[in-house]
2 protein chains.
Amino acid sequence: MKGTMSDVKLEECREHIRSQLDNVVDFWLKYSHDTVDGGFFTCLGRDGSVYDKLKYVWLQGRQVWMYCRLYRTMDRFHKPEILEAAKAGGEFLRKFARVSRASGEWKCAFCLTSDGKAVKVQRTLFSECFYIMAMDELSRVTGDKDMQLEAEQMMEQLIHWVRVDSSGLGRPQLPGDVPTNSMAVPMMLLCLVQQLTEGQGQDVVQKYKELEQWCVQQILHHVQRAGTAILENVSVEGTELPGCSGRLQNPGHALEAGWFLLQYSAERGDEKIQETAISKFMELPYQCGWDKKHGGLFYFLDVDGHCPTQLEWSMKLWWPHCEALIAFLMAYSQTKKPELLERFFEVYDYTFTHVRRMYVEQPFLCCFSSQPCLLGCYEMGLAEGLSSSGVT
Amino acid sequence: MKGTMSDVKLEECREHIRSQLDNVVDFWLKYSHDTVDGGFFTCLGRDGSVYDKLKYVWLQGRQVWMYCRLYRTMDRFHKPEILEAAKAGGEFLRKFARVSRASGEWKCAFCLTSDGKAVKVQRTLFSECFYIMAMDELSRVTGDKDMQLEAEQMMEQLIHWVRVDSSGLGRPQLPGDVPTNSMAVPMMLLCLVQQLTEGQGQDVVQKYKELEQWCVQQILHHVQRAGTAILENVSVEGTELPGCSGRLQNPGHALEAGWFLLQYSAERGDEKIQETAISKFMELPYQCGWDKKHGGLFYFLDVDGHCPTQLEWSMKLWWPHCEALIAFLMAYSQTKKPELLERFFEVYDYTFTHVRRMYVEQPFLCCFSSQPCLLGCYEMGLAEGLSSSGVT
């Protein structure tokens, strides 16, 4: 594609994503607010009807984060109703999301009843990640130092679980349960470091510097098989694990990690990491994960070509496509290499041709990760932000 | 279909299932035995290669049960190699499956390493169910009273968790986690009662009589909406629960429960339960769960027609089809109503036309529940047993 044609198409993409983002934010402002018990409904039908009142903490956190980020960074969303909704959501989270443990530690619930009673607590740390993102971003728009402190305290807890002692997560210690470096953990921690340090002074940046480098190293350990594959789970020593778990590939996660690595490389001007992010964490998952026959990214694959053990392995879910859109556009934005823009267009065309069908078939995922949704919106927002800031 | 035509087709089914059962048993005898560490490999490719060495306790238990049941009840499988393999599998289970808890209770692991180290313990009771089934059936072929005692002790533990105090399962008590009657629990307990009391004297029958009736009542509570739907999760008072969980339908589970209820009704000569088993637990899930367009049983449905939250809801898995085959054949065998035989033939034709494709797309399920497999085999065996004993 010639430069000018690309420019025209990119501008079309930008316009389309802008209008989608407006629709999505309108939808969630209109239908998701629980004006009785606070917080947000996240299981919404396409007509806005609430088909389940459970409140998933990931989603509460993401919605607070999203509203604040839109309010803070994009003029057309700098509206009092968005700020007020974010504050109400944050209040709900602070009041109900945390569950105290016998150890004296705090866990975040995974899921709450409509009026805030804990339904389920997972033995992982991802609810806490979204709690931190919400609190940090909310403190930036409200100036509330207590919230900032809460974000930092929860972050300390997370770091303790990941690097010192995971027993507070509640998983029994079992002799056959080999410690594993799962991509999601260093990836989310890196994302949190980027959140907490964004625009902050050297003291904060310095505080998280060692952790950030550790996260990057942990992510890089997932480059396996002499640089030819990204594997989702590796040993803590950075070697391949046996069996299905060791051979698992999750192209969406790899692309998401690539996007965080690109952000890291941009902040540091680290060209080596940039090159690795693109060639390993974007090109490899695209090569192995893109369905050559029907298009779209597979959810899971086995590096040796066995059928993955996850039933949903062959499904085309909307969020890996969002992650791929952001990753390739960010990579193009940084490098201006036309082949990366081509990748973006390919993913874009597939995604916006199929996303309605995905939504019809995966409403829970959509509701769970909020689609037409705040993660989508957040990611579309990011893509839009990128387009606005230099690509077009 | 005229009587004679049905008879011919039924005989063909019987022959086909007989040969499938032979193939399946040969396959597992040949490829699944771990002669180094004991126990059975359950993640086998179609060529018999082991693609993961993890040993799932459900499967270990089922395989021991299956071997013993075949050895004990079907002449052509009454072979020393089958008995020896069952005993070796039972030894592995007794040695490694149980994990002691701080409370002094025993849990069964969900998954073990190849050499028997616990990898994962679920906060449910199903591993224990398969442990009990294995120990009880094994004690019947070996005459080992200790094994019988172990089965009964684990059964006591299970009953305690279900009816007195579930805290030993390890789930934290959370205020929003409403106690739920999930179909799987009374259904599996009823199955265990049937296992433990089969062919036993009045003392054993009497011991479990109240529990058996309680299980039947708990299962009947899943008939909801004025008798028009079977719902997978209901309140402990027997009323519908709100949200996606309350609206969930699992046609395969309903059919499986129907099959256990039919066994119960046959033992008691209880025609009312027989009628309910067929009209509610077989006809309703068939009506709602059979895909009118492409054939096959859906995995999950929402009673109000929303899209279920489980990603895999629309998949056609092999085991609900096995359950349906057994249920309809058993219902026909008891009632001789031709429409039930028609249902059997419909499920049979679909299953044996599509099962290879299911296997290719769902190998883990297949391996996990052992297909070409011992659950399938167990269920095929049952179907064969039924055909042999009066239907044809």
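Start by selecting the contact between the two chains: chain A puts in 33 residues and chain B puts in 33 residues. Keep in mind as you click around that this is a predicted model.

Next, hide chain B and colour the side of chain A that touches it. The elements of chain A that give two or more residues to this side are β2 (50-52), β7 (118-120), α9 (243-247), α13 (338-361) and α14 (363-368). Zoom in on α9(A), which supplies the largest share, four residues. Colouring by class, this side of chain A shows 18 nonpolar, seven polar and eight charged residues.

Bring chain B back and select two of its helices, α4 (residues 126-142) and α6 (residues 184-197). Their axes come within 10 Å and cross at roughly 10°. That angle is under 35 degrees, so α4(B) counts as roughly parallel to α6(B).

Show side chains where this helix pair touches. From α4(B), pick B:F126, B:C129, B:F130, B:I132, B:M133, B:D136, B:E137 and B:R140. By class, the contact of α4(B) with α6(B) has 11 nonpolar, two polar and three charged residues.

Last stop: salt bridges. For one to look at, select A:D34 and A:K55, whose side chains meet in a salt bridge at 2.6 Å, N to O. Where do A:D34 and A:K55 sit in the chain? A:D34 is in the loop between α1 (3-31) and β1 (43-44) of chain A, while A:K55 belongs to strand β3 (residues 55-56) of chain A. The two are 21 residues apart, so to speak a link between distant parts of the chain.

Note on methods
Residues are numbered from 1 along each chain as its sequence is written. Chains are lettered from A and ligands numbered from 1 in the order in which they are written. This is a predicted model: local features need pLDDT of at least 70, side-chain atom pairs count only at pLDDT 80 or more; totals for chains, interfaces and linings use all residues. Side-chain values use heavy atoms; hydrogens and water are left out. Contact means heavy atoms within 4.5 Å. Ala, Val, Leu, Ile, Met, Phe, Trp, Tyr, Cys and Pro count as nonpolar, Asp, Glu, Lys and Arg as charged, and the others, Gly among them, as polar. Axes are lines fitted to C-alpha atoms, for helices over the stretch in contact, and angles run from 0 to 180 degrees between N-to-C directions. Angles under 35 degrees count as roughly parallel, over 145 as roughly antiparallel, 65 to 115 as roughly perpendicular and the rest as oblique. A salt bridge is a side-chain nitrogen of Lys or Arg within 4 Å of a carboxyl oxygen of Asp or Glu.
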